[in-house]
Amino acid sequence: MADDEPPPGIDAGIPNPARMYNYFLGGKDNFAADREAAERVMQVAPEAPALARRNRAFLRRAVRHLVAEAGIRQFVDIGTGLPTEGSVHEVAHEMDPGVRVAYVDNDPVVLAHSRALLSGTAAATVTVQGDLRRPEEILADPELRSLIDLAEPVAILLVAVVHFLSGDDKPAELVARLRESVAPGSHLVLTHVTDEERAGAARDGAAVYQQASSGITLRSREQIHELFDGFQLIEPGLVPLDDWRPDDENPLARQARRHLPTWFLCGVGHAP
Ligand SMILES: C[S@@+](CC[C@H](N)C(=O)[O-])C[C@H]1O[C@@H](n2cnc3c(N)ncnc32)[C@H](O)[C@@H]1O
């Protein structure tokens, strides 16, 4: 959106979390209001861009693990975000081009970009509009069901999205409803912002999102752990992003990363 000319129906004056995240990742799909809000977040959390990259890196490692080692062949990525390098289908198709991926988001800008990018190129993908607050509607979507077979195990990706749900949305119940709708052997991949280490700065960062189209709810480790109720967390459990099965065993690189405060927790759970 280099010319900052928004498509019809899009309010470019209100910061939007998907476009702020795109800015953190060095993307161009954002407007001035998004960039200004993202810069305000970086004043309290200068590591925000590094965290966004690490969140994506965790996602890639989790997808590789699920395809290569857990035999997962279908993904439902809820809260997809604006397309970026290393999308779920790209990572999965490196190992098996038959892996099917349904991208789901409630943001019209995300949907438009995702459809434009995927149409005609990635046969094993669909992009559908859906809201995590209405999980049954997502899983009943005819386009999604044309690709995803709920009788077979599926990986549900809730990566950096549940913190956009408030306590009133009862996120643990929403995740439980998703779990009840999928086959045994399905998996949950989840990352979530936490205030357990830097409470003050986390509150200041979250305050910026209160001016955005969607606020952020910070949660403790216990609250994030509850989201996995009914799933068995696989090793190494609920951990900071870089600690989930790192593929870089260089001790100096790992030590450098350890200086980052824990803003995010991540995990992968298995539905027995
Ligand atoms: C920070 S981005 C994360 C993108 C991607 N999952 C990642 O981690 O790289 C959050 C995405 O969740 C979407 N989102 C927020 N609330 C949602 C909801 N209730 N239902 C579906 N998508 C939602 C936003 O539109 C945005 O695209």
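User: Leaving aside neighbours within four places in sequence, which residues is S214 in contact with?
Analyst: Happy to start there, and note that this is a predicted model, where local features need pLDDT of at least 70, side-chain atom pairs count only at pLDDT 80 or more, and totals for chains, interfaces and linings use all residues. Residues are numbered from 1 along each chain as its sequence is written, and side-chain values use heavy atoms, with hydrogens and water left out. Contact means heavy atoms within 4.5 Å. With its neighbours within four places set aside, S214 is in contact with P17, F164 and Y209.

User: Is S214 buried, partly exposed or exposed?
Analyst: S214 sits in the loop between helix 9 (199–210) and helix 10 (221–226); helices (H or I, at least four residues) and strands (E, at least two) are DSSP runs, numbered from the N terminus. Buried means under 20% relative accessible area, exposed over 50%, and partly exposed in between (1.4 Å probe, protein chains only). At 21% relative accessibility, S214 is therefore partly exposed.

User: Which residues does A18 contact, leaving aside neighbours within four places in sequence?
Analyst: A18 belongs to helix 1 (residues 17–24). Its relative accessible area is 18%, so A18 is buried. Beyond its neighbours within four places, A18 is in contact with L82, D107 and V110.

User: How are the buried residues of helix 4 arranged around its axis?
Analyst: Nice one to look at in the viewer. In helix 4 (residues 88–95), the buried residues are V88, H89, V91 and A92. Seen down the helix axis, they fall within an arc of 160 degrees (an arc of the directions from the axis to the C-beta atoms). They therefore line one face of the helix.

User: What do the buried residues of helix 4 pack against?
Analyst: The partners include both helices and strands. Among the helices are helix 3 (48–68) and helix 5 (108–118). The strands are strand 1 (74–78), strand 2 (100–105), strand 3 (125–129) and strand 4.

User: Which residues does the cis peptide bond with omega of about 5 degrees join?
Analyst: Most peptide bonds are trans. Here, P236 is found in the loop between strand 6 (232–233) and strand 7 (239–240). The cis bond, with omega of about 5 degrees, joins E235 and P236.

User: What is the phi of K170?
Analyst: K170 lies in the loop between strand 4 (155–159) and helix 8 (171–181), and with 45% relative accessibility it counts as partly exposed. Most residues other than glycine have a negative phi. K170 is not a glycine, yet its phi is positive, about 50 degrees.

User: And what is the phi of R245?
Analyst: R245 is found in the loop between strand 7 and helix 11 (251–257). It is partly exposed, with a relative accessible area of 32%. Although R245 is a residue other than glycine, its phi is positive, near 40 degrees.

User: What radius of gyration does the chain have?
Analyst: The chain holds eleven helices and eight strands. The radius of gyration is taken over C-alpha atoms, and the globule rule is 2.2 Å times the number of residues to the power 0.38. For 272 residues, a compact globule would be near 19 Å; the chain agrees with this, at 18 Å.

User: What percentage of the residues in the chain is buried?
Analyst: The C-alpha atoms fill a box of roughly 45 × 45 × 40 Å, taken along the principal axes. Of the 272 residues in the chain, the buried ones make up 52%.
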